Amino acid sequence: MIHIRRRDLITSALAAAVFGVGVVSTWVSSRAGQPVKKPVPPPKPKLIALDPGHGGADPGALGISGTQEKAVVIAVAHELQKQLLTGGKYRVMLTRAADTLVPLRERVARAEAAKADLFLSIHADSHPDTGVRGASVYTLSEEASDREAEALAARENREVPVAGMKLGSQPESVAKTLVAMAQRGTVNDSRRLAETVVRTFSTGGIRLLPHTHRQAGFAVLTSPDIPAALVELGYLSNPQDEKLLTVKQHQMALARALRASVEAYFAPGTATRKA
Ligand SMILES: [Zn+2]
């Protein structure tokens with residue numbers, strides 16, 4: 001019994017000595033101005049909201065061979081989702097993941113509720129002149145940059161009633177949203193996003209309309225907090241564009257270009273937004 005107690009004493013003395021050394025070393029390190037560094041958690045992957053247009057009872061634009069915009073844009077959105085998730089740098093949410101019709105205001109609300117860092121609305125257009133082809137990129141403005149952009153916004157803003165569902169409350173007025181966006185830096189960030197898409201499309205060999213970054217009052221681009229752009233991938237009314245938009249290889253190329261746009265947008269040193 002006595003033997004054990006002596007061992008306990010020795011153990012306590014050793015512990016005190018060890019503890020003492022610990023105290024001294026802490027004091028020395030704090031005197032040297034080198035507090036122990038806490039490990040910094042890795043940054044949370046950015047959340048990208050992908051918004052494939054139309055869906056369900058709303059097919060969107062129709063191609064001359066019958067291709068439906070809603071089918072093309074969800075195929076590209078799913079491909080882009082796959083590419084963005086590879087590498088673990090991004091998280092992705094889709095405002096619609098299936099062939100369902102989601103009201104425009106609901107799309108914005110879903111991205112806001114998830115606290116998305118970026119919003120990309122994906123569409124394909126049609127034009128009475130079947131010779132018109134190429135992609136184009138749009139951001140929100142109160143006054144449209146041109147009549148074509150104004151007409152396009154009117155087409156994209158048209159809501160098809162959803163059976164059994166009341167249309168979401170109307171979006172805030174564009175003017176009011178733009179004031180809030182300007183205060184939060186979202187206007188500049190959205191412009192930068194659109195210009196990044198234009199750049200990566202042209203370097204990625206994706207045909208673009210001339211003067212392609214245009215502006216108009218798109219209801220789906222009205223979150224004051226989330227930098228947003230709407231991309232028209234091409235014209236379903238043009239035979240070459242319609243064919244390309246249904247080809248898997250081209251859909252993958254479009255997704256690669258959009259992924260590169262997201263990469264370039266978040267590249268260090270390019271932020272315009274205040275932290
Ligand atoms: Zn559309």
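Predicted model: local features only at pLDDT ≥ 70, side-chain atom pairs only at ≥ 80, totals over all residues.
Okay, let's start with the overall layout. The protein chain has eight helices and six strands. If you read from the N terminus, the order goes α-β-α-β-α-β-β-α-α-α-β-β-α-α. There are 275 residues in the protein chain, and buried ones make up 39% of them. What share of the contacts with a separation of 6 or more comes from residues 24 or more positions apart? That's 83% for the protein chain.

Now the core. The largest nonpolar core has 57 residues, and the members that touch the most others are I48, L118 and A229. Which helix gives the most to this core? That would be α2, residues 69-85, with seven residues.

On to the helix packing, and α8 is the one to watch. Take α2 to begin with: its axis and that of α8, residues 248-266, come within 9 Å and cross at roughly 50°. So α2 is oblique to α8, and the crossing is right-handed. On the α2 side, the contact uses A75, V76, E79, L80, Q83 and L84, while α8 brings in Q251, M252, L254, A255, R256, L258, R259 and V262. By type, that contact splits into nine nonpolar, two polar and three charged residues.

Then there's α6 with α8. Here the axes are 8 Å apart and the angle is about 130°, so these two helices are oblique to each other as well. How is the crossing handed, left or right? α6 passes α8 in a right-handed crossing. From α6 you get R192, L193, T196, V197, T200 and F201, and from α8 it's A257, A260, S261, A264 and Y265. The residues between α6 and α8 come out as seven nonpolar, three polar and one charged.

While we're on α6, have a look at D189. This aspartate is in α6, residues 186-203. Is D189 buried or exposed? It's buried, because 22 other C-beta atoms lie within 10 Å, and the cut-off for buried is 20 or more. D189 and A228 are 39 residues apart in sequence, yet their C-alpha atoms are 8.1 Å apart in space.

As a reminder, most residues other than glycine have a negative phi. H54 isn't a glycine, but its phi is positive, about 60°. You'll find H54 in the loop between β1, residues 46-52, and α2. H54 counts as buried because it has 25 C-beta neighbours inside 10 Å.

The other one is H211, where phi is again positive, near 45°. Where does H211 lie? In strand β5, residues 208-216. H211 counts as exposed, because there are 10 C-beta neighbours inside 10 Å, and exposed means 12 or fewer.

Terms used:
Residues numbered from 1 in each chain as written. Helix = DSSP H or I, 4+ residues; strand = E, 2+ residues; numbered from the N terminus. Core = buried A, V, L, I, M, F, W, Y, C linked by C-beta atoms within 7 Å. Axes fitted to C-alpha atoms, helices over the stretch in contact; angles between N-to-C directions. Parallel < 35°, antiparallel > 145°, perpendicular 65-115°, else oblique. Left-handed = near helix turned anticlockwise from the far one by under 90°. Contact = placed C-beta atoms within 7 Å. Nonpolar A, V, L, I, M, F, W, Y, C, P; charged D, E, K, R; others polar.
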